[in-house]
Amino acid sequence: MAGEILIMIPQYGELNRIYSDFIVSHTFSYDKQKFITNFYKQYNDTKAFEATILELVLDKQKEQYTLILDSLRAEIEKNMMLYEKYPLLDDEIISRVCYHFADRYNIDIEEQLEVTQRLNKPLNEAYNRYDSIGYREHTAEEEKQAEKEYERCKAEYEKEKEELNRLYELQKQARKEAFQYIENCCGDIYKLSFHFMEILAKYIPVAKDKSEELTKPSEPDMQEEAPKEEQYEYFDMELLSLVYTTCVGEQFENISEYDFYACMNLHPGKCKLKIKTREKIRVCYLIFLMGEQLPKLDRENWKKNILKMLDIEENYYKSKYKEPVSDFPSDSNQKFAKEMDAIFR
């Protein structure tokens with residue numbers, strides 16, 4: 001048990017160094033945000049913390065456990081002081097480093113896509129020559145040469161296409177990971193630290209002046225928070241990224257890609273997804289297409305909540321969602337239906 005606390009002390013020390021570095025230099029990175037989030041996830045069980053302290057106290061001599069717990073308390077006190085006295089990380093800074101990490105492969109993908117597209121034309125030409133040679137007089141040598149050229153072009157194209165697919169997969173993984181670390185946990189860690197200090201006070205005495213210095217957070221902060229459940233994902237980032245690129249700015253007002261992901265998956269958040277003027281019918285069609293990707297039980301629950309979030313009456317939805325693919329759609333509806341077909345087919 002002492003080992004767990006001995007690991008926790010340098011972890012708190014690293015957290016304090018991250019805070020201090022930001023206060024001094026105002027620089028921050030994705031790796032630091034990842035550390036902060038992982039720290040909170042690892043230590044947010046106060047019952048487990050107290051059980052560890054209790055076993056340490058029962059297992060060690062008073063001089064030993066007092067020395068260990070005093071070191072831990074010093075790091076916790078420093079962490080609380082930094083949070084209370086200095087402006088620390090805000091949501092915008094954290095979002096920026098997470099977006100940067102999520103988009104780390106964008107340039108490589110653009111370059112690789114250009115290479116792949118450039119090789120597609122000679123491949124098609126080589127295939128057409130090889131395919132059409134049987135319809136005219138030719139020598140065996142000509143056929144062999146045409147086949148050899150086609151196989152060469154095909155091998156070059158497939159090699160570059162495989163690299164492009166690899167980059168797309170890395171991009172997908174980076175975006176998925178970045179979204180897991182986009183939440184600002186500094187306030188949660190502060191409240192957690194206060195609870196740790198209360199627990200430590202049971203087992204090692206606190207000087208009177210120290211206890212008076214330690215002021216409780218306001219009542220709302222002191223309320224026990226329910227454990228944060230893993231948020232359900234109706235749609236993955238890959239699909240929503242395609243929808244975002246096509247629809248945000250056209251059917252929806254501008255919103256960040258990660259906020260769009262959260263809204264479409266019905267995750268709680270500060271940002272609200274808003275439909276642009278005269279785009280409600282096309283949004284209804286989008287909702288229908290997205291609902292078709294889900295199992296029936298999930299579909300009904302998601303559809304009911306997304307309509308409510310977007311202020312769309314169910315009767316309106318039922319009467320309008322098929323208009324973009326009706327017998328006589330408007331030009332804008334027809335264009336939108338084709339764009340959606342490219343995504344959902």
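Student: Is Glu163 buried, partly exposed or exposed?

Tutor: Glu163 is partly exposed, because its relative accessible area is 26% (buried means under 20%, exposed over 50%, partly exposed in between, with a 1.4 Å probe and protein chains only). This is a predicted model, where local features need pLDDT of at least 70 and side-chain atom pairs count only at pLDDT 80 or more, while totals for chains, interfaces and linings use all residues. Residues are numbered from 1 along each chain as its sequence is written, and side-chain values use heavy atoms, leaving out hydrogens and water.

Student: Which residue forms a salt bridge with Glu163?

Tutor: Side chains of opposite charge can pair when their charged atoms come close. Here the partner is Arg166, with the closest N and O atoms 2.9 Å apart (a salt bridge is a side-chain nitrogen of Lys or Arg within 4 Å of a carboxyl oxygen of Asp or Glu). Arg166 is partly exposed, at 42%.

Student: How are Glu163 and Arg166 placed in helix α7?

Tutor: They are 3 residues apart there, so about one helical turn separates them (helices are DSSP runs of H or I, at least four residues, numbered from the N terminus). Helix α7 covers residues 140-180, and Arg152 and Glu156 lie 4 residues apart in it.

Student: How many salt bridges does the whole structure hold?

Tutor: A search finds 14, including the one between Glu323 and Lys320, at 3.4 Å from N to O.

Technical notes: Helix = DSSP H or I, 4+ residues; strand = E, 2+ residues; numbered from the N terminus.
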